[in-house]
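I opened this notebook to record what I looked up in the model. The entries follow in the order in which I made them.

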Amino acid sequence: EPFVADEYIERLAWRTPGGGSRGGEAFDPKRLLEEFVNHIQELQVMDERIQRKVEKLEQQCQKEAKEFAKKVQELQKSNQVAFQHFQELDEHISYVATKVCHLGDQLEGVNTPRQRAVEAQKLMKYFNEFLDGELKSDVFTNSEKIKEAADIIQKLHLIAQELPFDRFSEVKSKIASKYHDLECQLIQEFTSAQRRGEISRMREVAAVLLHFKGYSHCVDVYIKQCQEGAFLRNDVFEDAAILCQRVNKQVGEVFSNPETVLAKLIQNIFEVKLQSYVKDQLEEHRKSDAEQYLKNLYDLYTRTTNLSSKLMEFNLGTDKQTFLSKLIKSIFISYLENYIEVEIGYLKSRSAMILQRYYDSKNHQKRSIGTGGIQDLKERIRQRTNLPLGPSIDTHGETFLSQEVVVNLLQETKQAFERCHRLSDPSDLPKNAFRIFSMLVEFLCTEHIDYALETGLAGIPSSDSKNANLYFLDVVHQANTIFHLFDKQFNDHLMPLISSSPKLSECLQKKKDIIEQMEVKLDMGIDRTLNCMIGQMKHILAAEQKKTDFKPEDENNVLIQYTNACVKVCGYVRKQVEKIRNSMDGKNVDTVLMELGVRFHRLIFEHLQQYSYSCMGGMLAICDVAEYRKCAKDFKIALVLQLFDTLHALCNLLVVAPDNLKQVCSGEQLANLDKNILHSFVQLRVDYRSARLARHFS
């Protein structure tokens, strides 16, 4: 423990008798002083003893340090001597090694020519046997030594090729014959081993044949036998994938160049099996059935590319992507060159058939809309004047729009877009997709929707027709639904094909043009339909409203309620409002309802100014306008309701006391109206000619 002087003194005083008051003993300072003096002397003696011991140990340490330093010096000298000996030994070893290498080179220089000479001697011996025409060596007669015989005959064959033909023609032919026989034997041996499934024997024979010209034939035999029994099912693509998977595991154990052999197998499958299968499937329908031909082409091309994707995982050399692409192209190039022409031709005939079948089901002979200068002139006049040009056509409530037809056309186009994406060359894809889109625009938008709009416009009766049936709003409803489907297909299937090409702007412009063209005709048809609605209301009012309604003969016997004309007009208006809401969506509903409401107000306003009003007649007019205002609430258009509120306030001028006319005219609803309008309503009162009324209003 660390030494603390205060604690040490305390313990010493505590142990000394008389050093403290514990135990009832009195404190004795003298005795404590004596004890301290004695203890100090003991500590001094102890200090001297320890000091002597320390000095002794220091002397001993210095002595041992000198001895250790001396020993280290001796070891360094010994180490230097040993290192010198090691260098001498290393130099000696290097010298010996150099001598040994030199000797080895000399031995090799002697042995290599000797071995060559021995080898040449053997070859000369075998060559001599071919000269004599009798093969006596065991290597040629023993079938088990076919490997050695193959090595010899291969070398002899190379030598024979260097010999002049005129002197050694016979021996050259014999060597060539033996070369061919051995090659056939090796290939036969390889074939037998493959059938027995002996991989090691196949590998040995393949290694021997590697130096023969017939090595490629060996590979061909292997590829041919691999395919025996491999294509027994109906799915040739799945069979091909399974075969390549199995061969891929085996080919590396047999051949030294497995990627080349596997690539040759795949090439053989594509150029023989797949090409034959594709040709059989496509040529059957190429000229007779375009629909089935296109379906088969798309299906076969898709399955072939899927097979190619599976084969990409195998080692086929450096550029396997290009290799497989060329194989696919070699199969389909004759079909893909004119694919888009077949597609467009089929789409055109199929779309025309769908439309014709629909019109036949309606017993409708499609009329010609017409083109040229006169038709264009009529169209411009109609757009500027909104006048129906030509006789009205009774469509019997038929819109000549069919969602079933539209779905069929869109489905055909969708499939065409999918085939176009798969079968078109990337550089031609946007152009081909635009052609398909043009077909869709022609048959769906022009031949179907636009024709229905033209027919619907022609079917709208004139505004003065009685009991006219208005079907154009049904056309609007169906055209709106159809165009949503058209727009969805444009975004979902066409846009991905053209999004990064200049054709995008062309397609968007074409779509914009067709939309604007349809909107013009829809607006025109809606406007004329609204005119017809107003015309129907005029007929109702003309037929039902009587002059005596607002100037009854017996003022005291009148039932205060709205007139029969008002009831029928409001009933008619409510039906039309509901029909407009069902036929349109979004802001179009409010726009059309506002236009109808404004025209409805104008009609009632002008209608009311045709009569003179007694006091009770004015009350009846107020009841009618109140009912019209209630009907206007169904429009849910603030402007329309405001107009009828103002009209209701104007009708109060028909019944208000002459003294209160100025006060009513300055009210909130009438204060901002033209004074002529107010005057025109006051003039309708039967008592207007009285001097009192004229004086109050002036």
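**Entry 1: H15 and H17**

I began with the pair H15 and H17, and I recorded the two helices as roughly parallel to each other. The model in which I looked this up is a predicted one. The reason for the label is the angle: roughly parallel applies under 35 degrees, and the axes of H15 (residues 429-459) and H17 (residues 503-544) cross at roughly 5°. I noted that these axes come within 11 Å. I then looked up the composition of the contact of H15 with H17, which divides into 13 nonpolar, four polar and nine charged residues.

**Entry 2: the chain as a whole**

I turned next to the overall content. The chain holds 24 helices and zero strands. Of its 698 residues, 38% are buried.

**Entry 3: an annotated segment**

I consulted UniProt, where an unreviewed entry lists residues 40-78 as "coiled-coil region". In the model, I found that this stretch is 100% helix and 0% strand. The C-alpha atoms at the ends of residues 40-78 are 57 Å apart.

**Entry 4: H9 and H10**

How do H9 and H10 run relative to each other? I found a crossing angle of roughly 165° between the axes of H9 (residues 258-283) and H10 (residues 290-311), which come within 10 Å. An angle over 145 degrees counts as roughly antiparallel, and H9 and H10 are therefore roughly antiparallel to each other. I recorded the crossing of H9 and H10 as right-handed.

On the H9 side, the contact is made by Ile266, Phe270, Leu274, Tyr277, Val278, Gln281 and Leu282. On the H10 side, I listed Tyr293, Asn296, Leu297, Leu300, Arg303, Thr304, Leu307 and Leu311. The residues of this contact comprise 11 nonpolar, three polar and one charged.

**Entry 5: H10 and H14**

I followed H10 to another partner, H14 (residues 403-423), and found the two packed at an angle of about 45° with their axes 10 Å apart. H10 and H14 are therefore oblique to each other. I noted a left-handed crossing where H10 passes H14.

Which residues of H10 and H14 meet? H10 contributes Leu294, Leu297, Tyr298, Tyr301, Thr302 and Thr305, while H14 contributes Glu418, Arg419, Arg422 and Leu423. I recorded the division of this contact as five nonpolar, two polar and three charged residues.

**Entry 6: Val342**

I then looked up Val342, which is found in helix H12. Val342 is partly exposed, at a relative accessible area of 22%. Apart from neighbours within four places in sequence, Val342 is in contact with Tyr293 and Leu294.

Is Ala206 buried or exposed? Ala206 is placed in helix H6 (residues 199-209). The limit for buried is under 20% relative accessible area, so Ala206, at 4%, counts as buried. Setting aside neighbours within four places in sequence, I found Ala206 in contact with Phe190, Tyr215, Val254 and Phe255. Ile187 is 19 residues from Ala206 in sequence, with a C-alpha to C-alpha distance of 8.5 Å.

Asp239 lies in helix H8 (residues 236-254). With a relative accessibility of 5%, Asp239 also counts as buried. Its contacts, leaving aside neighbours within four places in sequence, are with Ala230, Phe231, Leu232 and Arg233.

**Entry 7: positive phi values**

Finally, I looked up two residues other than glycine with positive phi. For Asn363, phi is near 50°. Asn363 sits in the loop between helix H12 (339-361) and helix H13 (373-385), and is exposed at a relative accessible area of 76%.

For Lys636, which is not a glycine, phi is about 60°. I placed Lys636 in the loop between helix H20 (615-633) and helix H21 (638-651). Lys636 is exposed, with a relative accessible area of 69%.

Conventions: Residues numbered from 1 in each chain as written. Predicted model: local features only at pLDDT ≥ 70, side-chain atom pairs only at ≥ 80, totals over all residues. Heavy atoms only, no water. Axes fitted to C-alpha atoms, helices over the stretch in contact; angles between N-to-C directions. Helix = DSSP H or I, 4+ residues; strand = E, 2+ residues; numbered from the N terminus. Parallel < 35°, antiparallel > 145°, perpendicular 65-115°, else oblique. Left-handed = near helix turned anticlockwise from the far one by under 90°. Contact = heavy atoms within 4.5 Å. Nonpolar A, V, L, I, M, F, W, Y, C, P; charged D, E, K, R; others polar. UniProt positions renumbered as here; feature names shortened; annotations may be inferred. Buried < 20%, exposed > 50% of the residue type's maximum accessible area, 1.4 Å probe, protein only.
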